[in-house]
Amino acid sequence: MEETRHKNEVAGEAALQALGYDQELRRSFSLIGMIGFSFSIVTCWSALAGTMTIGITSGGPPVMVWSWIIMSICAMAVAAAFAEYCAQWPVAGGQYSWVAALAPKGLSRGMAWVTGWFMLIGLVAMGAVNNFIGANFILGLANLVNPDYTIERWHTALVTYLIILVYGASNIFTPRLLNGVSTFLLVWNILSFFTITITMVATTKEYQPASFVFTDFQNGTGLSPALAVIAGLLQSFFGMCCYDAPAHMVEEARNPRRDAPIATLTAVLLGAITGFCFLVASFFCIGDIESVATTATGVPLIQILYDSTGSVAGTCVLSSMIIVIALFCANSLMAETSRSMYAFARDHALPFSKVLSTVHPKFEVPVAAILTTMVGQAALNSIYIGSYTGFNTVISIATQGFYISYAMPLVARLISELGYGKQPPRHPKYNLGRWGVPVNIVGATFLIIGAISFNFPSEGPVTGDNMNYSSAAVGAVMFISLVTWVVDGRKNFRMPDLAHCIDGIDAGSVGQEKSDASESGIEKHSQVLEKAA
């Protein structure tokens, strides 16, 4: 078994070196650890817990329940495309690296640059949002136990700072525990789902009728029915996110070409099933909608659990299970973001790239990238002190940044498939075959619709306080990427020619018989394997 693991690690290092990068990070992730890491971030059911009351007034439970099924199918299409890309190009850059390999030559650098900026800013923002959710749960329980306690915005910010410090230190000083922690968290996440869902259903005294869950349309937004439905869809879009995590940790996987694709697909499948079951159960168990939406705890799920169990102690125990998930999700997001920043800097795409791409020789992690991630998250969490509307913009950046960066590689592949440039290479073993184009079309359409939907208002009449600033956030990211491209990127941003290299084998030989393979490609692959061994 140890010999097999060593061979897999050697093969992973060889593939990375053949793609033009040195192996600097420690390969410690097993398959189960990678699945646990990915699901700890995706964890759809707990993410939906914080947005369901918005969905109830934005079209009602039917919109969220039925849209969740459709979105889960579409997300599986995106995950399948990502799995193919992970297997073909196992590098920590993820989306922007895939774009560089898939897009026509004249567009690849520019598209990869924009994708990288949306990806990175989206990751930093998502980390800040998760810190906010974890802090809300902690302070919400404090209010439940002591109703006289009033939650202030600056209290929430201080707790987010503590979360950032704890998990920043964990990422720097104990990175070798990440695989074991992720394995534990996979078990904890699933057990928490069953425990909370079953307890909630078993202790609820009066259930909502089936019509409330599956058919009754509700609109308390002040918008037209069509816009209310779009506002309800946004909650499902937010719940199904972050399944690119294995791509950014792939350089730390023992068997990257196998483990990262499996982890991507498994996390989305688990998220789809647990998310659907939790939504249906919660909507049947929800009590007075107004009291849940305006709960003093600030967390609707805490109020739902308290209404169901009637016990402060029981609610604290159940809510604490979700707090553990949120806190360890902060740890995982810190790791994912820092690896993405490290990869982007390694390709000379960021200011101080040399510093940000340096891996500490003792800890075997990019310490400067972790510290920068901590500062970025803290800065975004600080916005909440001054403006709730301003922090909503952070949420918009997180969600829309992800969806745009997700769509770019799929669009790049379709552009090339349609004949605008050289057709992208396909790995002889790891590819979707004839299903590649249909899967990419479904996934790209879903992501583009999602990205557009994020710009619609969620309540009316629209004012300065409730306006959706997503379009402004996207414009800001585009402006940043444009300025940095003009000042620095067009001169210094450079990447290996990934489009002509799959696992160290010349792309021109893919799909041909071994006797027709390029001798130079085989020779290069052999040299890389010998060097890695």
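Tutor: The model is predicted, and the count of salt bridges in it comes to 7.

Student: What makes Glu252 and Arg339 a salt bridge?

Tutor: Their side chains meet at 2.6 Å, N to O, and the cut-off is 4 Å, so the pair qualifies. The pair joins distant parts of the chain, 87 residues apart: Glu252 is in the loop between H12 and helix H13 (256-285), and Arg339 is in helix H16 (residues 312-346). Both Glu252 and Arg339 are buried.

Student: Why does Glu417 count as buried?

Tutor: Its relative accessible area is 18%, and the cut-off is under 20%, so Glu417 is buried. Arg413 is buried too, at 1% relative accessibility.

Student: Which residues are linked in a network of salt bridges?

Tutor: Arg26, Arg176 and Glu364.

Student: What makes the charged end of Arg346 sit over the ring of Tyr21?

Tutor: One part of the test is a distance within 6 Å of the ring centre, and the charged end of Arg346 is 3.9 Å from the centre of the Tyr21 ring. The charged end of Arg153 likewise sits over the ring of Tyr384, 5.9 Å from its centre.

Student: How many aromatic pairs are there, and why is the pair of Trp113 and Phe493 called edge-to-face?

Tutor: The count comes to 30 aromatic pairs. The ring centres of Trp113 and Phe493 are 5.3 Å apart and the planes are at 70°; a plane angle over 60 degrees counts as edge-to-face, so that is the label. Trp113 in helix H7 (residues 105-145) and Phe493 in the loop between H21 and strand S3 (501-502) are 380 residues apart. Trp113 is buried at 1% relative accessibility, and Phe493 is buried at 2%.

Student: Why is the pair of Tyr243 and Tyr406 called tilted?

Tutor: Their centres are 5.1 Å apart and their planes are at 50°. Stacked needs under 30 degrees and edge-to-face over 60, so this pair falls to the remaining label, tilted. Tyr243 lies in the loop between helix H11 (225-239) and helix H12 (245-248), and Tyr406 lies in helix H19 (residues 388-417), 163 residues apart. Tyr243 is buried, with a relative accessible area of 0%, and Tyr406 is buried at 0% as well. Ring pairs link both tyrosines into a cluster whose members include Phe82, Trp98 and Phe446.

Student: Where is the kink in helix H21 centred?

Tutor: The kink, of about 65°, is centred on Trp485. Trp485 is one of the buried residues of H21, among them Thr484 and Gly489.

Key:
Residues are numbered from 1 along each chain as its sequence is written. This is a predicted model: local features need pLDDT of at least 70, side-chain atom pairs count only at pLDDT 80 or more; totals for chains, interfaces and linings use all residues. Side-chain values use heavy atoms; hydrogens and water are left out. The bend at a residue is the angle between axes fitted to the seven residues ending there and the seven starting there. Helices (H or I, at least four residues) and strands (E, at least two) are DSSP runs, numbered from the N terminus. Buried means under 20% relative accessible area, exposed over 50%, partly exposed in between (1.4 Å probe, protein chains only). Rings of Phe, Tyr and Trp (its six-membered ring) pair if their centres lie within 6.5 Å; planes under 30 degrees apart count as stacked, over 60 as edge-to-face and the rest as tilted. A charge sits over a ring if NZ of Lys or CZ of Arg is within 6 Å of the ring centre and within 35 degrees of the ring normal.
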